[in-house]
Amino acid sequence: VSHELRTPITPIKGYADLLRRRGDGLPAQKRTKALDVIADRAAHLSRLVEDLLLASRISGDQEPVRSLVISETELTALVTRAIEDFSADADRLRYTSGPPVRVDCDPTRVIQVLTNLVANALKYSPGTSVVRLGVTVRGDRGCVEVRDQGRGIPADELEQVFEKFHRVEDPMVMSTSGTGLGLYVARHLARGMGGDLTVDSVLGQGSVFTLHLPL
Ligand code: ADP
């Protein structure tokens with residue numbers, strides 16, 4: 001976590017310093033790049049801090065998340081909203097919005113969970129593969145599936161990925177960055193809304209994460 005928190009600070013400080021010292025003389029393209037990096041890294045830091053704060057508030061798995069604001073919400077619109085943030089990877093995302101599905105949830109938190117699942121699906125699969133999203137109704141639940149064609153998760157770690165700080169990566173190799181907090185927080189939020197977050201995966205072929213919410 002300390003590594004993840006420190007890493008974005010270096011480019012933020014470096015580019016801010018560059019803009020302060022030489023901003024006026026820089027070509028517009030370089031200035032825009034510097035501002036984009038600062039904004040992107042700051043957004044990343046802020047997500048990390050949010051996850052850390054939330055994780056530190058979650059003391060036991062049964063404890064509901066007190067800050068949730070539940071309302072009746074249309075789920076397909078939330079999926080559309082969540083994937084808007086991935087414009088840079090739009091060509092890898094597949095989602096066709098179907099008939100409306102009304103669920104009880106905290107819309108801000110659902111977007112947070114979906115953003116996390118889509119970011120993971122993109123991060124843990126080859127850059128050329130596609131990520132498919134779908135909304136279905138199963139019994140008394142509205143569900144969002146996020147399906148990737150990535151590295152998959154070993155069968156004996158399928159539940160562990162929802163534990164605090166758990167990462168499948170070998171810490172000595174670490175080909176991707178992350179804190180291992182995202183899914184822990186995401187499942188807690190899903191359960192706090194009366195739903196759940198589950199996973200199916202085949203190692204080497206891909207994973208399907210499903211967010212379940214009460215209709
Ligand atoms: P982070 O991505 O920051 O490590 P998460 O809690 O979101 O933390 O995920 C925990 C771990 O679960 C990841 O480190 C990764 O090993 C595994 N994981 C999550 N999503 C996927 C996915 N779509 N495909 C393969 N592995 C995944």
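**Note on the ligand pocket**

1. Helix 3 (28–57), helix 5, helix 6 and strand 7 each give two or more residues to the lining of the largest pocket. Helices (H or I, at least four residues) and strands (E, at least two) are DSSP runs, numbered from the N terminus. On a 1 Å grid over the protein atoms alone, a pocket is an open set of points where a 1.4 Å probe fits, with protein on both sides within 12 Å along at least five of seven lines; lining residues have an atom within 4 Å of a point.

2. The model is predicted: local features need pLDDT of at least 70 and side-chain atom pairs pLDDT 80 or more, while totals for chains, interfaces and linings use all residues. Residues are numbered from 1 along each chain as its sequence is written, and side-chain values use heavy atoms, without hydrogens and water.

3. The lining has 47 residues. Thr115, Asn116, Ala119, Asn120 and Lys123 lie nearest the pocket centre. Helix 5 supplies the largest share, eleven residues.

4. The ligand takes up the space of this largest pocket (more than half of its atoms lie within 2 Å of the grid points). Helix 5 (107–123), helix 6 (182–192) and strand 7 (206–214) are the elements giving two or more residues to the shell around the ligand. Again helix 5 gives the largest share, here four residues.

5. The ligand is surrounded by 21 residues (a heavy atom within 4 Å). The closest are Asn120, Tyr124, Asp148, Arg167 and Leu183.

6. Now the polar contacts (pairs of N or O atoms within 3.5 Å). A polar side-chain atom of Asn120 lies 2.8 Å from a ligand oxygen. For a polar side-chain atom of Lys123, the distance to a ligand oxygen is 3.2 Å. Val168 uses a backbone N or O atom, 2.9 Å from an oxygen of the ligand. The protein covers 97% of the 530 Å² of accessible area that the ligand has on its own (Shrake-Rupley method, 1.4 Å probe).

How values were computed:
A polar contact is a pair of N or O atoms within 3.5 Å; within protein, one must be able to donate a hydrogen and the other to accept it, and residues adjacent in sequence count only if both atoms are side-chain atoms.
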